[in-house]
Amino acid sequence: MNNISRPTRRAVLGAAAGLSVLLAVTACSGSNPLSSSSSGSASGGPVVVGSANFPENAIIAEIYAGALNAAGVTATTKLNIGAREVYIKAIQDGSVDVVPDYSGNLLGFVDPSNTVTDPAGVLAALPAKLPSGLTVLAASSAEDKDAMVVTAETAAKYGGLKSITDLAKVCDQLTLGAPPEFKTRPYGLPGLAKIYNCVPKAFTPISDGGGPLTVKALLNNEIQVADIFTTSPDIPANNLVVLEDPLHNWLAQQVLPLVKADRINDKATAALNNVSKVLTTQDLISLRNQVEGTQKMDPKAAAAAWLKDKGITK
Amino acid sequence: MVEGWQGHNACQQCDGGARVSLSRTMAPATTYTSTDPFSQGWQWLGDPVNWQGPSGIPARIAEHLGYTGLTLLISVAIAVPIGLYVGHTGRGRVVVVSLAGMLRALPTLGIMTLFALIATSTLSLMPAIWALVLLAVPPILTGTYAGIAAVDREIVDAARGVGMTERQILFGVEVPNGLAVMLGGFRSAVLQVIATVAVVAFISLGGLGRYIIDGLAVQDYGQVLGGAVIIAAVAIAIDGLLAVLQRVVVSPGLKEISISEVALSSTGGKA
C-alpha cells in the first residue's frame, strides 16, 4: 500500500535522487543507525522522541518533546532515524519511545491487507494490528496525505470545483500530473476510476513527489490536476485548491504518536493527547513553511514557537 | 534521503499485492514467477509485451537515441569549433580546461530540474537537452583541444614552412593527426550521454529511463534491471560502432596515441 510512498517520495526531491537511486541498490539491508545503542533506555531515563527522515516529522517530534518537557516528563529527541521499517524496530528495541506517525500509512504497514480508508475506521483498526508493546495515543485532526490539487483558475473555469466528485464530471478534459507510481497504485488512477469514475485525458509522470516541478507544471497549465501532499506550503503560497475526497479514495493520515506503551506514563499520555487535540493540517503547513521555506527555521525553534502560541509552554 | 530509498526496498513485500491485482493498468506488465530481481530482469526482457507499442523497448530505444542525437548535435556544434580554435592557437587554454573541469562537476539531474523550473514550459524537451549538453561539452571540448594540441609542433612548423595557410594547417595537418584523440573525446561524450539520458524520465519525458524511474516507483526491480541492461547494451553497441568508425577514418599512418601520452604532452606546455 502507500505506507512507503511518503518517505520515498520526499526522498525523490532534489538532486540527491540520482545518488539515492545508486545507493538504493546497495542499501537493501537497511543498516540500523541505532543498533549499537539498542538497550540504552530500556527502563528509566528520559523519554526519547524519534522521528522519520523528513522535516515535517522532525517538527512534530520536537513538538512532542517540548510538550512532554513542559508537562514535567524529561524528554530528549533522536531525529531523522529513517523510514518506518527502521523506526518501528527502534521503538521495539527501546532506543526510542515515541515517534509521530500517520494513521493510514502505519495501518498499511502493520496490516498490508488492510482495505479500510475512512478516518474512524483506520483508528479503530490500528490498536489490534500493532506489534505487542506498541500503541498509539489520541490522533490529531492534522493530516498529511495525497490530494488532488487544481489552480484557482481551473476550479473556477469548471464551475467551482470543490471535491473529486466535481472533478469527475470534467476529468476527461484534464491532464493529471503525479509521480509514476500513481499510474498503478490502488489509490492512484485505478482508485480515481473505480471510486469516482474519473479517468483523466492524459497522465504525466513527474518524479518529484508533488515538489517544485509539479507545482510549476500546474501553474503553467501543462497539467491541470496534480497530486500534492496536503501539508505542502506550495498550496497556500500559490492559492491552489485542494479537492475534497468524500468517498475516501485516500487512506486517512491523521498525525498521532506511536509509543512504546510501558515507557509512557499517564502524565506523558496526557501531554501528547493535548498536542493531538490542537494540532491541525494548517499548523503543519505553516510549520513546514517556516522550516522548509525561505526562513529555514530550525525544527526545534519552529516547534517551540508553536507550543508557545498554543499555550502549552510559557 | 537515502533512508527513504532504503525503506522503499525493505517494503517490497507490502506492495506486491497491489502490483499484481492492478497489473492490467500498467503499460508493459510482466508477471514474475521469481522473487529474485535478476531473474525478474531476464523475465521482463523476455516478455514480448515489453517489446511492443509506444512504451515498448524499440520505441523507447528510438526516443533514447533521439535525445542522445540531439544533445550530441548541439554539443558538437558548440565544443568542436572552440576546441579547434584553442588547440590551434593555444589561446584561452587555461580558461577552457578549467571551465570544462567545472562543467564536469555539475550534477545533471539537478541542472535539469533547475532548467525545467526556469523554462517557460516545465515539462518540455529542451531544458533536459541543455542539461545534457552541459554534460557532453567537456569531453568533446577537451578531446578536440587535446587532439590538436598534441600534434607534433615540428609537423605543424613544417606545414607552415611549405607555405600552407593557417586554415590548411588546421584542417589538412592538425585535424587528421589529432583525429584519434578527438574521436576519443567524442566517444566518451556519447557513452556519458547515452547512460545519462535516463534522467529525462524524471520530468515526464520518454526514453529508456522510463523503465528505471517507473520501475523504482513501484519496486518493480525486474523492469528497473531490464531497462538498465538495455541502456548498457545500447551504449556498448553504439561505442562499438564508433570504434569501427574511428578505425576507418583515422589515417593508418598514425599510431594510436594513448591517452597518457596526450595528457603528458598537453600538460607539458607545448602549446
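Biologist: Where does helix 9 of chain B bend, and by how much?
Modeller: Helix 9 of chain B bends by about 60° at B:Leu179; the bend is the angle between axes fitted to the seven residues ending there and the seven starting there. Helices here are DSSP runs of H or I with at least four residues, strands are E runs of at least two, and both are numbered from the N terminus. This is a predicted model, where local features need pLDDT of at least 70, side-chain atom pairs count only at pLDDT 80 or more, and totals for chains, interfaces and linings use all residues. Residues are numbered from 1 along each chain as its sequence is written, with chains lettered from A and ligands numbered from 1 in the order in which they are written.

Biologist: How far apart are the end C-alpha atoms of that helix 9 of chain B?
Modeller: Only 38 Å for its 31 residues, 166-196, while a straight helix would reach 45 Å. That expected span is 1.5 Å times one less than the number of residues.

Biologist: OK, packing. At what angle do helix 6 and helix 7 of chain B pack?
Modeller: About 145°, with the axes 8 Å apart. Axes are lines fitted to C-alpha atoms, over the stretch in contact for helices, and angles run from 0 to 180 degrees between N-to-C directions.

Biologist: Is their crossing left-handed or right-handed?
Modeller: The crossing of helix 6 and helix 7 of chain B is right-handed, meaning the near helix is turned clockwise from the far one by less than a right angle.

Biologist: And which residues meet there, between helix 6 and helix 7 of chain B?
Modeller: From helix 6 of chain B, they include B:Ile111 and B:Phe115, and from helix 7 of chain B, B:Trp130 and B:Leu134 are among them. Contact is C-beta atoms, placed from the backbone, within 7 Å.

Biologist: Which residues touch the most other members of the largest nonpolar core?
Modeller: A:Tyr64 and B:Ile203, out of 144 residues. Helix 7 of chain B gives this core its largest share, 14 residues. A nonpolar core is a set of buried Ala, Val, Leu, Ile, Met, Phe, Trp, Tyr and Cys residues joined through C-beta atoms within 7 Å.

Biologist: Why does A:Asn221 count as exposed?
Modeller: Because A:Asn221 has 11 C-beta neighbours inside 10 Å; 12 or fewer is exposed, 20 or more is buried, and in between is partly exposed, with C-beta atoms placed from the backbone.

Conventions: Contact = placed C-beta atoms within 7 Å.
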